[in-house]
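Subject: Structure handover

Hello,

Here is the structure I promised you. Please open it beside this email and follow along.

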Amino acid sequence: MIKKVKGYTKNGKVADYIPALSKADPNDVGIAIFDGNKTCFSEGEHHKLFTLQSISKVLTLALALMDHGEDVVFSKVGMEPTGDPFNSIAKLESHIPSKPLNPMINAGALAVSSLIKGSSNEEKLERLIQFVRELSGNSLITYNQEVAKSEFETADLNRSLSYFMKQHGVISGDIDVLLDFYTKQCAIEVNCEDLAKIGYSLAQQGEHPQKSYSIIPFEIARLVKTFMVTCGMYNASGEFAIRVGIPAKSGVSGGIVGAVPGGIGIGIYGPALDEKGNSIAGMKLLELLSAKHHLSIF
Ligand SMILES: NC(=O)CC[C@H](N)C(=O)O
């Protein structure tokens with residue numbers, strides 16, 4: 001499978017606006033698939049660690065909904081796709097009230113992250129990491145300090161979005177404290193197998209990947225997967241729904257998580273990105289997989 005898409009990597013580019021991410025090898029492509037059995041199917045660079053980046057937005061959304069419920073969360077963030085790049089500030093100004101349009105773009109994710117419960121950033125991060133450990137069944141998961149620091153030092157666009165939202169009453173508190181948490185959340189490190197299990201858990205409406213208990217309430221799992229369909233691949237979500245049709249979320253590290261209803265989780269890594277910030281080989285891989293195994297939900 002990987003062989004068929006490897007060639008696409010040369011048409012993409014590794015993200016370098018977060019300096020530490022530019023160290024990734026653009027030729028890497030890895031995939032893991034988990035269907036609830038003990039072992040994952042995996043191929044390529046599936047063992048390499050990479051940071052969640054925007055994939056974390058799905059997980060903080062689920063946690064914030066579990067912390068506060070829908071009314072509070074959706075008073076701060078909307079439910080509509082933007083059609084704009086993930087880091088755009090444009091709609092914050094042109095939409096009244098100026099709350100971000102959805103939780104899968106940076107502005108929305110920053111607003112959601114500001115809601116995570118905890119008396120300090122350490123406590124909030126510990127809760128989030130524990131949540132990711134449960135969803136992946138991997139108790140060793142932690143965050144990459146170098147990537148977090150690299151993003152914190154260069155995140156002026158995200159600071160701008162945050163200050164804009166603070167001025168408009170969407171968020172409150174110290175912006176650098178929020179950025180400290182957000183950049184660490186984005187720097188949580190996984191491999192394809194961890195990601196496949198997270199996808200499986202979402203596909204199974206929040207069930208633990210290996211034990212029979214629920215980590216995310218059914219209704220919240222349904223809700224976050226709907227956002228994955230409508231907004232998960234940024235401003236390529238419409239085309240992705242047509243070509244692939246799997247609830248999925250990507251990140252600029254080159255990761256993609258997919259959750260196929262009926263119990264298949266997919267974790268992909270391919271750091272060469274297209275111009276919208278999605279893994280170029282990863283998207284192709286999902287397209288081939290979906291066509292071959294009829295995985296589209298539509
Ligand atoms: N699209 C992404 O993966 C963006 C996440 C990244 N940490 C940022 O805020 O820019």
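How many nonpolar, polar and charged residues does the lining of the largest cavity have? It has six nonpolar, two polar and three charged residues. Here Ala, Val, Leu, Ile, Met, Phe, Trp, Tyr, Cys and Pro count as nonpolar, Asp, Glu, Lys and Arg as charged, and the others, Gly among them, as polar.

Some ground rules. This is a predicted model, so local features need pLDDT of at least 70 and side-chain atom pairs pLDDT 80 or more, while totals for chains, interfaces and linings use all residues. Residues are numbered from 1 along each chain as its sequence is written, and side-chain values use heavy atoms, without hydrogens or water.

**Cavities**

Rolling a probe the size of a water molecule over the atoms shows where empty space is left. On a 1 Å grid over the protein atoms alone, a cavity is a set of points where a 1.4 Å probe fits but cannot get out; a pocket is an open set with protein on both sides within 12 Å along at least five of seven lines; lining residues have an atom within 4 Å of a point. Grid points join across faces, edges and corners, and a volume is the space filled by probe spheres set on the points.

There are two cavities of 30 Å³ or more. The largest cavity has about 80 Å³. Its lining includes Thr82, Lys91 and Ile105. The second largest cavity has about 50 Å³. Its lining has six nonpolar, four polar and two charged residues.

**Binding site**

An unreviewed UniProt entry places a "binding site" at Ser54, Asn106, Glu151, Asn158, Tyr182, Tyr234 and Val252. UniProt positions follow the numbering used here, feature names are shortened, and annotations may be inferred rather than shown by experiment. From this set, Ser54, Asn106, Glu151, Asn158, Tyr182 and Val252 line the second largest cavity.

Look at Asn106. It is buried (under 20% relative accessible area; exposed is over 50%, partly exposed in between; 1.4 Å probe, protein chains only), at 3%. Its side chain makes a polar contact of 2.4 Å with that of Lys57. Such a contact is a pair of N or O atoms within 3.5 Å; within protein, one must be able to donate a hydrogen and the other to accept it, and residues adjacent in sequence count only if both atoms are side-chain atoms. Asn158 is also buried, at 6%.

**Pocket**

The largest pocket holds about 300 Å³. Its lining has 13 residues, with Glu239, Arg243, Asp274, Met283 and Glu287 nearest its centre.

Best wishes
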